[in-house]
Amino acid sequence: MKIGFTARALVSACALGAAGLLALAPASASAHPGHDPDPPRGPSTTPPPALLYRSGTQVRPHADAPALPRLSARSWLVADAGSGEVLAAHEAHRPLPPASTLKTLFALTVLPTLPAGVPHTVRPEELAGIGPGSSLVGVAAGRTYRVADLWRGVFLSSGNDAVRVLAALNGGWRATAARMQEKARALGALDTRVLSPDGYDTPGQVSSAYDLAVFGRAGLRNADFARYCGTAEALFPGAGGPPYGIRNTNRLLTGADGVARYPGAIGVKNGYTTEAGNTLVAAARRGGRTLVVTVLNPRAGGGHAVYEEASALLDWGFGAAGRVEPVGSLDGRRARPGPGPSAVPVVAAAPPERRVGWAEACAIAGAAGMGAGAVSLVTRGRTE
C-alpha cells in the first residue's frame with residue numbers, strides 16, 4: 001500500500017507522538033518517493049556527445065531545413081523532450097550562472113520528499129539568509145502554509161523565501177545543495193555546481209544550457225512539477241488577511257508585460273540576476289510533439305529578448321522536425337543508461353487527495369525499520 005508520507009517523515013512524526021494528525025497528500029507525490037522522473041531511453045542514433053562540446057553553433061540540417069534564427073544569447077539549446085535528441089545548440093556546455101532556472105533542479109530534488117498537503121508553520125529562522133534583492137512571494141513567519149502553497153510560490157513568483165522554507169523542511173540549506181548536486185550527477189548534468197539552491201548569484205555556482213534542458217525535460221515527466229510550472233495564476237495565503245493572486249513570471253506562459261503567449265506553452269522556469277542576466281527554460285507542445293529550449297543571457301534586445309529568442313527557437317524546432325539530424329542527446333551523459341518510458345510530457349491535472357490515519361502512518365514507518373532521529377516534516381501547524 002502506498003501512502004502520502006515519506007518514510008523519513010513518518011518515522012519522525014511517530015517518534016514525537018503527536019496523535020491524531022491527518023495529512024492531506026496527493027497520490028502522485030508519494031507513489032514513488034525516490035523515483036527518477038526521467039529515466040533514459042534506449043540506444044540513440046545521435047553522434048557522440050563530444051560534438052556538443054565544440055565551440056560555436058552545432059546543427060546538422062538537411063537541404064530543406066529552415067535556417068536557424070539569429071540569436072544573441074551566450075548559450076542556447078533546443079531538444080525534443082520525448083526522445084531527448086538535441087536538434088541544435090550553441091555553446092551547450094558553457095558554464096554560466098543559471099539564476100532562478102536552477103530552481104528546476106531544486107524542485108526535482110525536493111518535490112518527491114515533501115507531500116503537498118502537509119501543513120507547516122514557518123519559523124523566523126527559516127527565512128534567514130535570503131539574499132538582498134531576491135524575488136519573494138510573501139512567506140511570513142508564524143503563518144501556516146501547505147507545502148503545495150510554497151511550491152506555487154517557487155514556480156510562479158520564483159520566491160526565494162519559499163525556497164528557504166522548503167529547504168529547511170528538506171534537511172537544511174547545505175544538505176539540500178548537496179542533494180541537488182547528487183541529483184544533477186545522476187541525471188548526467190555534469191556542468192552544474194550547486195552552492196545556493198535558489199539560484200542566487202554565488203561565486204562558483206554555474207550550470208549550462210545542456211544541463212538546464214536536462215532538468216526541464218526531467219521535470220515535465222513529473223506530474224507535480226509539470227502542474228506547478230504550467231500554472232499561470234494562483235492564490236497565495238495572505239500573512240494576516242485574505243489570499244492574494246500571484247502570476248507566473250514566465251511570460252511565454254502568461255503573455256504578460258508585452259510578451260506574446262507562446263502557443264502550446266507548458267512551462268518551465270525563467271530567471272534573472274545581475275551576474276546571470278536573463279535566463280529561461282521553456283517548453284511547448286504542438287501536434288503531439290514537445291520541445292524544450294534553454295536560453296542563457298541574451299546580449300541584445302532588452303529584457304524581453306530571452307522570450308523572443310526562446311520563441312524563435314521553438315518555432316525553428318517545430319519547423320525542423322524530420323529535417324535535421326540530432327547533434328547530441330540529453331541522455332548522452334547518464335551514468336546508468338537503460339530503457340525508459342516513452343510517455344510524452346504532460347501538464348497533469350491536480351491529483352486526488354487522500355487522508356492517512358495516524359495509526360496507519362506509524363505502522364508503515366515501523367515496518368521501514370528507520371530510526372526516530374530523522375527530520376520531521378509534520379511536527380507543527382494545522383490542516384487548513
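Trainee: How many salt bridges does a search of the whole structure find?

Mentor: The search finds 11. Keep in mind that this is a predicted model.

Trainee: What makes R333 and D191 a salt bridge?

Mentor: Their closest N and O atoms are 3.4 Å apart. The cut-off is 4 Å between a side-chain nitrogen of Lys or Arg and a carboxyl oxygen of Asp or Glu. The R333–D191 pair therefore counts as a salt bridge.

Trainee: Which parts does the R333–D191 pair tie together?

Mentor: R333 lies in the loop between strand 13 (328–329) and strand 14 (353–356). D191 lies in the loop between helix 6 and helix 7 (209–220). The pair therefore ties together parts that are 142 residues apart in sequence.

Trainee: Why is helix 3 called roughly perpendicular to helix 6?

Mentor: Helix 3 (residues 103–110) and helix 6 (residues 173–186) pack at about 95 degrees. Angles of 65 to 115 degrees count as roughly perpendicular, so the label applies to this pair. Their axes are 9 Å apart.

Trainee: How do you know that helix 3 and helix 6 meet, and through which residues?

Mentor: Contact means heavy atoms within 4.5 Å. On the helix 3 side are L105, F106, L108, T109 and V110. On the helix 6 side are T176, R179, M180, K183 and A184. The contact residues divide into six nonpolar, two polar and two charged.

Trainee: What lines the largest pocket, and how much space lies in it?

Mentor: About 420 Å³ of space lies there. The lining has 27 residues, and the closest to the pocket centre are S100, S135, G271, Y272 and T273. Strand 9 (265–273), strand 10 (277–286) and helix 10 (305–319) each give two or more residues to the lining. Strand 9 has the largest share, five residues.

Trainee: How does the lining of the largest pocket divide into nonpolar, polar and charged residues?

Mentor: Six are nonpolar, 17 polar and four charged.

Trainee: What is the backbone doing at V268 in strand 9?

Mentor: The peptide bond from G267 to V268 is cis, with omega near 25 degrees.

Trainee: What marks out E91, and where is its place?

Mentor: Phi of E91 is near 50 degrees, a positive value in a residue other than glycine. E91 sits in the loop between strand 4 (85–90) and helix 3.

Note on methods: Residues numbered from 1 in each chain as written. Predicted model: local features only at pLDDT ≥ 70, side-chain atom pairs only at ≥ 80, totals over all residues. Heavy atoms only, no water. 1 Å grid on protein atoms, 1.4 Å probe; cavity = no way out; pocket = protein on both sides within 12 Å on 5 of 7 lines; lining within 4 Å. Points joined across faces, edges and corners; volume = space filled by probe spheres on them. Helix = DSSP H or I, 4+ residues; strand = E, 2+ residues; numbered from the N terminus. Nonpolar A, V, L, I, M, F, W, Y, C, P; charged D, E, K, R; others polar. Axes fitted to C-alpha atoms, helices over the stretch in contact; angles between N-to-C directions. Parallel < 35°, antiparallel > 145°, perpendicular 65-115°, else oblique.
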